[in-house]
Amino acid sequence: MGRRKQPEIRDRILDACVDEALAHGLPDRLEPFAAASGTSPRMLIYHFGTRDQLLRETLGRARRRQRDFFGELLSPRPGEPYVSTLRRAWQDMTGPTGRPYLRMFGRLREDAEQHLWPGFRREATTDWLKPLEDGMRSIGRPELGTLVLAVIRGLIMDIEATEDVSRADRAFEDFLATLTP
């Protein structure tokens, strides 16, 4: 009779793998995940089946964290002009707390084969649209949600390519000025 899997252990291991991946990127081998989670590569396979399955679940959990974090940042706040919300969200998304997500999912977006997450580019293009439309609705312009999303995504890709955050920050401020009546 084999040992029963313990979901709480698997969950703890997955959280540690997500933390490791956000800090250092997805590893080529299992050893960094094993060290970060205090287990062995063999136990990772026991809990997740394959390396790719562990990577998929790591990406999935990291994406849920990012959606929760960015979604809260982009949501309209009572009494706060939405342009101010966007300004703060941009600073947090591109700052130390948000950058690990941008690095991880920027690399995933660039993966032409997308074998770990088929359809990621499409999903990543649309998953922020609703909170942006809701926010833009607060200033009477929900149709601009797509434009705001395109500007944010374009400037994030610019930062990933050039690491020139101050130039992207200035461009975002210029864009916000066009949204202010």
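Leaving aside neighbours within four places in sequence, which residues is Leu86 in contact with? The partners are Leu74, Leu132, Met136, Val148, Phe172, Leu176 and Leu179; contact means heavy atoms within 4.5 Å. The model is predicted: local features need pLDDT of at least 70, side-chain atom pairs count only at pLDDT 80 or more, and totals for chains, interfaces and linings use all residues. Residues are numbered from 1 along each chain as its sequence is written, and side-chain values use heavy atoms, without hydrogens and water.

Leu86 also belongs to the largest nonpolar core, which has 50 residues. Such a core is a set of buried Ala, Val, Leu, Ile, Met, Phe, Trp, Tyr and Cys residues joined through side-chain atoms within 4.5 Å. Buried means under 20% relative accessible area, exposed over 50%, and partly exposed in between (1.4 Å probe, protein chains only). Leu86, Phe105, Leu132, Phe172 and Leu179 have the most contacts inside the core.

Aromatic pairs number 6. Rings of Phe, Tyr and Trp (its six-membered ring) pair if their centres lie within 6.5 Å; planes under 30 degrees apart count as stacked, over 60 as edge-to-face and the rest as tilted. The Phe70 and Trp128 rings have centres 5.5 Å apart and planes at 40°, so this pair is tilted. Both Phe70 and Trp128 are buried. The rings of Trp90 and Phe172 are stacked, because their planes lie at 15°, with centres 4.6 Å apart. Trp90 is buried at 1% relative accessibility. Phe172 is buried, with a relative accessible area of 1%. Phe69, Phe70, Tyr101 and Trp128 form one aromatic cluster.
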